[in-house]
Amino acid sequence: MRDLVKRRKSQVRYQVGLSNGQSLHVYFWREKEFVSDRVVYVWNAAVIITDSRKKANRWKNRNPRGTKEKATGKVGLEGLKKALDIILEFRYRLKPNEYLFVVFDDEKRKSAYRWLERYGFMPFYKNGVFRAYGTFNPMYGQWLPESNS
């Protein structure tokens, strides 16, 4: 599998074809966070199944007019399984001060992403509010403390 955004070190994007002709798009982008008086880098993951790359990029960039792009994925568990494989593989690329967060948009996705706990992901809270499921590179064996910022 190859990264489709090779020139940007803070972004990674994968595209995988599915059996129904649609494509799975998995985006990763890095942001700097201040947690417990130290700087850590957080990789965020976003997943969409859609008909075209253009629709996926519009969804990722959150159409500036404020309208939410409708997800058109109809492939079911095949897409979720492939997305899980990509996410689990990506976490081995993380450095010691980097973490991977899978953020959800709504309650439906929140309950679906709960299955990530079986693979070592942990709930992340910010200001007492549940924000994402997160993990680190298992080779380093450390976890981010709860954020109070």
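## Overall make-up

Among contacts (heavy atoms within 4.5 Å) in the protein chain between residues at least 6 apart in sequence, 52% join residues at least 24 apart. The model is a predicted one, in which local features need pLDDT of at least 70 and side-chain atom pairs count only at pLDDT 80 or more, while totals for chains, interfaces and linings use all residues. Residues are numbered from 1 along each chain as its sequence is written, and side-chain values use heavy atoms, with hydrogens and water left out.

The secondary structure comes to 3 helices and 6 strands; these are DSSP runs numbered from the N terminus, helices being H or I of at least four residues and strands E of at least two. From the N terminus on, the order of elements is β-β-β-α-α-β-α-β-β. Of the 149 residues, 39% count as buried, a term for under 20% relative accessible area, with exposed meaning over 50% and partly exposed in between (1.4 Å probe, protein chains only).

## Helix α2

Helix α2 covers residues 77-90, 14 residues in total. At 1.5 Å a residue it should span 20 Å, and its end C-alpha atoms are 20 Å apart, which agrees; the expected span is 1.5 Å times one less than the number of residues. The buried residues of α2 are Gly 79, Ala 83, Leu 84, Ile 86, Ile 87, Leu 88 and Phe 90.

## Nonpolar cores

A nonpolar core is a set of buried Ala, Val, Leu, Ile, Met, Phe, Trp, Tyr and Cys residues joined through side-chain atoms within 4.5 Å. The largest has 26 residues, and those with the most contacts inside it are Leu 24, Phe 28, Phe 90, Leu 100 and Phe 121. At least two residues of this core come from each of β1 (11-17), β2 (23-35), β3 (38-50), α2, β4 (98-103) and β6. Helix α2 gives the most, with 6 residues.

Leaving aside neighbours within four places in sequence, Leu 24 is in contact with residues including Tyr 14, Val 16, Val 47, Ile 49, Ala 83 and Ile 86. A second, separate core of 7 residues includes Val 42, Phe 101, Phe 124 and Phe 136.

## Aromatic rings

The whole structure holds 6 aromatic pairs. Rings of Phe, Tyr and Trp (its six-membered ring) pair if their centres lie within 6.5 Å; planes under 30 degrees apart count as stacked, over 60 as edge-to-face and the rest as tilted. Phe 28 and Phe 90 are stacked, because their ring centres are 3.9 Å apart and their planes are at 10°. This pair links distant parts of the chain, with Phe 28 in strand β2 and Phe 90 in helix α2, 62 residues apart. Phe 28 is buried at a relative accessible area of 1%, and Phe 90 is buried at 2%. Together with Tyr 14 and Trp 43, Phe 28 and Phe 90 form one aromatic cluster.

The rings of Phe 130 and Tyr 133 have centres 5.0 Å apart and planes at 80°, so this pair is edge-to-face. Phe 130 counts as buried at 17% relative accessibility, and Tyr 133 at 4%.

## Charges over rings

A charge sits over a ring if NZ of Lys or CZ of Arg is within 6 Å of the ring centre and within 35 degrees of the ring normal. The charged end of Arg 30 sits over the ring of Tyr 41, 4.9 Å from its centre. The charged end of Lys 60 sits over the ring of Trp 29, 4.3 Å from its centre.
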